[in-house]
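Me: Please take me through some of the labels used for this structure. I want the cut-off behind each one.

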Amino acid sequence: MKTIGITGGVGAGKSAVLEYLADNYNCDIIMTDDVAKGLYTKGSKTYEMMIALIGEDIVDETGEIDKKKLADIIFSNANKRMAVNSIVHPAVKQEVITRITNNKIAGRLDYTFVESALLLTEHYDVFCDEVWYIDTSEDIRRQRLKESRGYSDEKIDNILKSQQALENIKDKCSYCIDNNKDLEYTFRQIQNILLS
């Protein structure tokens, strides 16, 4: 089984790539954002630490952490973002390593794909056989975020600013997949990589 990391900025089209991989290959898809969300559930250690750090104002009417409120806070406050990351990232990484290990032991899959915007900065590449960067222009990313998520220009500016370092990691990736054209073009690149 090969473990492949997938990274790229917000709005780059990673979800479309992952959906294609899930539909066409014998694989497990691990999205670190989803793993993190699973760790936020009420009563978990991560939940308690987040409430202690930020306060009850990030909790919704059911007592769970409101992901939108949390995102608004961490994308507008660098210090809070760093503090939240110091809680969440180690827990997520441990969960990802456990899942990869279980997949290898089971021996039923050809690939495990690990998606994270912070793949290299959080050193997930250490346990990946290769890393793919999904490359999309900022203009296209902005357009996608407005259309698919309804984000304002201000929110997009804050997110892109927080992810500026991503532009400097392309050279460190095994493959750079151009996602500026139609999806068929993107998928052909993936097919060629996996056949090589």
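Reply: Start with the buried residues of H6: Arg-141, Arg-142 and Leu-145. Helices here are DSSP runs of H or I with at least four residues, strands are E runs of at least two, and both are numbered from the N terminus. This is a predicted model: local features need pLDDT of at least 70, side-chain atom pairs count only at pLDDT 80 or more, and totals for chains, interfaces and linings use all residues. Residues are numbered from 1 along each chain as its sequence is written, and side-chain values use heavy atoms, without hydrogens and water.

Me: Why is Leu-119 called buried?

Reply: Buried means under 20% relative accessible area, exposed over 50%, and partly exposed in between (1.4 Å probe, protein chains only). Leu-119 has 0%, so Leu-119 is buried. Leu-119 sits in the loop between strand S3 (111-115) and strand S4 (130-135).

Me: What makes H3 roughly antiparallel to H5?

Reply: Helix H3 (residues 45-54) and helix H5 (residues 78-106) pack at about 170°, with axes 11 Å apart. Angles under 35 degrees count as roughly parallel, over 145 as roughly antiparallel, 65 to 115 as roughly perpendicular, and the rest as oblique. Therefore H3 is roughly antiparallel to H5. Axes are lines fitted to C-alpha atoms, for helices over the stretch in contact (heavy atoms within 4.5 Å). Angles run from 0 to 180 degrees between N-to-C directions.
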